[in-house]
Amino acid sequence: MKDVAVPDLRGKLAVVTGASDGVGLGLAERLAGAGAELILPVRNPVKGAAAVQRIKSTTPEAAVSTRDLDLASLESVVCLADALIADGRPVHLLVNNAGVMTPPTRHSTADGFELQFGTNYLGHFALTGRLMPLLQAGRARVTTMTSSAARGIRIPWDDLQSERRYAPIRAYGLSKLADLLFALQLQRLSAAGGWGVTSNAAHPGTTLTNLYASGPNLGRSRPAPHEAIMRRLARWGLFAQTVDAGLLPPLYAATSPDAGGGRLYGPDGIGQFTGAPTELTIYKSARSEEDATRLWGVSERLTGVSYATASL
């Protein structure tokens, strides 16, 4: 598979959420190898320390550190953002990658949001907004991870938190549609307001990571079959790919001079399961600017983060 040529990132500061393993860790390794300084906000400090050690094992000169962040807590988002704002260093690259996938039963964040919607979407919405002065100062590129699961979803405006009806895959798809709508709307607002921030979205296809174990096993006494199935498919080379392949679309979206704002990148294979990175047609479910504007307003109310006041 054709690799992505990452430009020289020396002197650039990159923040990558969810980089303690999986696609996020793979992205962080590639960014460090290109010379970027890395801040890895992580929920588990032990896994974070292991990620730093792994990055330094391949790039000994890498400048990489961890910070505490639980995207399922808006208070945690505030603490991280306040610390980075206090540091005052421009951020040149933000990858909104962390997530949880398909818990079998409904769980809530610390703020009462459905876990997937709150973690995958609202946490990143709040973090990006609170970091906006640093992103503007760095004329940053913001790449937000979505999923092909967003394709067949309609926004249930009367049940965004899946309180009336919870279906794991539907709730996951909703969170990822929200991420895609967010990425597109951020680009529109940045362009209209002269913020200097470039925003796009990417998805890694069906990539074998611990998402297939951690989410489906949440609250279960016996392991769910998802991970075993995915490992078997990857071994057969069917509808699943390795992290090294899956990280290429978001790596391209986040670093390539040819990757633009307001665009979606993913694998070029059948069904977008696997393949080389390519620009994808924006899913029909995400083309409504009215939906994007409405969701943005709802998100500002839910998180208490206003991008208008956060901008320089």
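Biologist: What volume does the largest cavity have?

Modeller: About 30 Å³. Keep in mind that this is a predicted model.

Biologist: How many cavities of 30 Å³ or more does the count come to?

Modeller: One.

Biologist: Which residues line the largest cavity?

Modeller: Its lining consists of Leu71, Ala72, Leu74, Thr109, Asp111, Phe113, Gly118, Leu122 and Gly123. Helix α4 gives the most to that lining, with three residues.

Biologist: And by class, what is in the lining of the largest cavity?

Modeller: Five nonpolar residues, three polar and one charged.

Biologist: Pockets next. What is the volume of the second largest pocket?

Modeller: The second largest pocket comes to about 260 Å³.

Biologist: How many residues line the second largest pocket, and which lie nearest its centre?

Modeller: The lining has 18 residues. Nearest the centre are Leu9, Lys12, His92, Arg141 and Ala254. Two elements, β1 and α10 (248-255), each give two or more residues to this lining.

Biologist: How many charged residues are in the lining of that second largest pocket?

Modeller: Four are charged. The lining also has nine nonpolar and five polar residues.

Biologist: Switching to salt bridges. How many does a search of the whole structure find?

Modeller: Nine. One of them joins the side chains of Asp3 and Arg30, at 3.2 Å from N to O.

Biologist: Where in the chain do Asp3 and Arg30 sit?

Modeller: Asp3 is in the segment before β1 (13-16). Arg30 is in helix α1 (residues 22-33).

Biologist: Why does Arg30 count as partly exposed?

Modeller: Because its relative accessibility is 25%, and partly exposed lies between under 20% for buried and over 50% for exposed. Asp3 is partly exposed as well, with a relative accessible area of 47%.

Biologist: Which residue does Arg89 form a salt bridge with?

Modeller: Glu37. The closest N and O atoms are 2.7 Å apart. This pair also links distant parts of the chain, 52 residues apart. Arg89 lies in the loop between α3 (74-87) and β4 (93-96), while Glu37 belongs to strand β2 (residues 37-42).

Biologist: What are the relative accessible areas of Arg89 and Glu37?

Modeller: Arg89 has 38%. Glu37 has 25%. Arg89 is therefore partly exposed, and Glu37 is partly exposed too.

Biologist: What about Asp158 and Arg164, buried or exposed?

Modeller: Both are exposed. Their side chains meet in a salt bridge too, at 3.0 Å from N to O.

Biologist: Now the inside. Which residues of the largest nonpolar core touch the most other members?

Modeller: Phe117, Tyr121, Leu135, Leu186 and Tyr307. That core has 53 residues. The elements giving two or more residues to it are β1, α3, α4 (115-130), α5 (132-137), α6 (168-193) and α11 (289-303).

Biologist: Which element gives the most to this core?

Modeller: Helix α6, with nine residues.

Biologist: Back to Phe117. What does it touch, not counting residues up to four places away in sequence?

Modeller: Phe117 touches Leu122, Leu160, Gln161, Leu174, Ser175, Ala178 and Leu295. Leu122 also lines the largest cavity.

Biologist: How many residues are in the second, separate core?

Modeller: That core has 28 residues, including Leu25, Ala34, Val42 and Met145.

Note on methods:
Residues numbered from 1 in each chain as written. Predicted model: local features only at pLDDT ≥ 70, side-chain atom pairs only at ≥ 80, totals over all residues. Heavy atoms only, no water. Salt bridge = Lys/Arg side-chain N within 4 Å of Asp/Glu carboxyl O. Helix = DSSP H or I, 4+ residues; strand = E, 2+ residues; numbered from the N terminus. Buried < 20%, exposed > 50% of the residue type's maximum accessible area, 1.4 Å probe, protein only. 1 Å grid on protein atoms, 1.4 Å probe; cavity = no way out; pocket = protein on both sides within 12 Å on 5 of 7 lines; lining within 4 Å. Points joined across faces, edges and corners; volume = space filled by probe spheres on them. Nonpolar A, V, L, I, M, F, W, Y, C, P; charged D, E, K, R; others polar. Core = buried A, V, L, I, M, F, W, Y, C linked by side-chain atoms within 4.5 Å. Contact = heavy atoms within 4.5 Å.
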